[in-house]
Amino acid sequence: MLEARRLECTRGDRRLFSDLSFSLNGGQLLRVAGANGSGKTSLLRIMCGLVSPSAGELRWQGRPIRAEREEYSRNLVFIGHLNALKDDLTALENLQIAAALGGMPADSGRMLSGLDRFGVAHCAELPAKVLSQGQRRRVALARLALTPAVPLWILDEPFSALDVGAVVELERLLASHLASGGMVVLTTHQEVQVVAHAILRVDLDLHSAALQAA
Amino acid sequence: MIRALGWVLRRDLLLAFRRRGDVVNALVFFVIVVSLFPLGVGPEASQLRNMAPGVLWVAALLACMLSLARLFAPDHQDGTLEQMLLAGEPLVVLVMGKVLSHWLMSGLPLVLIAPLLGLQFDLPADALVVLCVSLLIGTPVLSLIGAVGAALTLGVRGSGVLVALLVLPLFVPVLIFGAGSVGATAAGTGAEAHLLLLGGFLALALVLAPWASAAALRIAME
């Protein structure tokens, strides 16, 4: 269970949001909504443990995430708005290294099945720099297909640059992850068609500093 | 842990192999800078022999610094550094892997080519051996200290100059004892004391630098 207690985020001297609390259980999807610049990406980075909140804390299974950073990292997959692909490595090599660093077995058969799931298996031997934006996104998302056992998925705009087929595939993958008790946190401007026990929604516009001052 | 270190090493060596030009550039820089001195100063053997240790070591230091900008910055830009921070492996281990590959790509080639360049300065054989050994012990220290500087200046504007300002003063002891060891051999007083001190620096840097770099990377990500 992931629990946020009165989170506050300040960037420079601007307070993005404050007094944000929620809890996320297995099988639930949390959709973070908010206008551009409302702090969605900052919230996701806080949830990963990359950035510490200016106030409040996050707890994973009842323990603060700062206390056991590596243990917590092993329980999450983060796909940011950068695809984290090295241009000079092939799609397959990129995926292998990502899997290996995440503590997963990195045999190429598994990697290829992940790429195949997102329809980019034919690009496996191509360097990432020649792939299109959508293909790069698909390669980045293929990590999800390899890590079903990792409970918490944190995805920043996962649907951006994807075509209709890939959107459907990703929704299917999210649904099966949720059905097996996983948790998903994502930001998106699209409506998500995912069957889940519960879709929670955090609207950062309602937690923005400007609103609370009013 | 060892597996993660192996993967980072493999990744960075593969990347360096795909971008061979960067590695070759630093090496060519080293060769050219060192070769300019005999041409500029003139062919007087005793003068060349006196200045050889300093010239070779300063050039090695600058060549090593050239590649520091590429240690973390590209990974920072494409988001792979973020993933390393979230890898679930101790960041220190991953940093060690990156520093080791940096040394293999920028330090080791200098060690191998240095004796050849030393011949231009009419260095005797025993001084050439000591030059090699001192570079072998000293260049890893440069990579380790450099990694701290590169991590501290990550994402900062004008980071290239800033790295030089941060790191060059810290390179001074390595330079003094590295060049000193070659000079001492040429003077016939023996290089052991200098080399032992260099070894001491290496041990100290091995213990402190990866932790400092890892902490600096975490700060840079905030």
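The centres of domain 1 and domain 2 of chain A, taken over C-alpha atoms, lie 24 Å apart. The model is predicted. Domain 1 of chain A is assigned residues 1-75 + 151-214, and domain 2 of chain A residues 85-149. Their contact draws 14 residues from domain 1 of chain A and twelve residues from domain 2 of chain A. On the domain 1 side, helix 6 (residues 164-179) of chain A gives the largest share, six residues. That side of domain 1 divides into seven nonpolar, four polar and three charged residues.

**The sheet of chain A**

Four strands of chain A form an open sheet in the order 2-1-4-5, with antiparallel pairing. Strand 2 and strand 5 (63-64) of chain A are the edge strands, and each pairs on one side only. Strand 1 (residues 2-11) and strand 2 (residues 14-24) of chain A pair in the antiparallel sense over seven bridges. A:Leu2 of chain A stands opposite A:Leu24 in strand 2. A:Thr10 stands opposite A:Arg15, also in strand 2 of chain A. The hairpin of these strands of chain A has two residues between them, and there A:Gly12 takes a positive phi near 65°.

Helix 1 (residues 40-48) of chain A lies across strand 1, strand 2 and strand 4 (55-60) of chain A. Helix 1 of chain A runs at about 130° to strand 1 of chain A.

**Chain B and its contact with chain A**

The contact takes 21 residues from chain B and 22 residues from chain A. Helix 1 (2-18) and helix 5 (80-85) of chain B are the elements that give two or more residues to the chain B side. The largest share of that side, six residues, comes from helix 1 of chain B.

The table sets the residue classes of the two contact sides next to each other.

**Helix 6 of chain B**

How far apart are the end C-alpha atoms of helix 6 (residues 91-119) of chain B? They are 42 Å apart. This agrees with expectation, because 29 residues at 1.5 Å a residue should span 42 Å. Helix 6 of chain B also has a kink of about 40° at B:Ile113. The kink lies shortly before the proline B:Pro115.

Methods
Residues numbered from 1 in each chain as written. Chains lettered and ligands numbered in written order. Predicted model: local features only at pLDDT ≥ 70, side-chain atom pairs only at ≥ 80, totals over all residues. Pairing = 2+ DSSP bridges. Expected span 1.5 Å × (residues − 1). Bend = angle between axes of the 7 residues up to and from the residue. Contact = placed C-beta atoms within 7 Å. Axes fitted to C-alpha atoms, helices over the stretch in contact; angles between N-to-C directions. Domains from an automatic or database assignment. Nonpolar A, V, L, I, M, F, W, Y, C, P; charged D, E, K, R; others polar.
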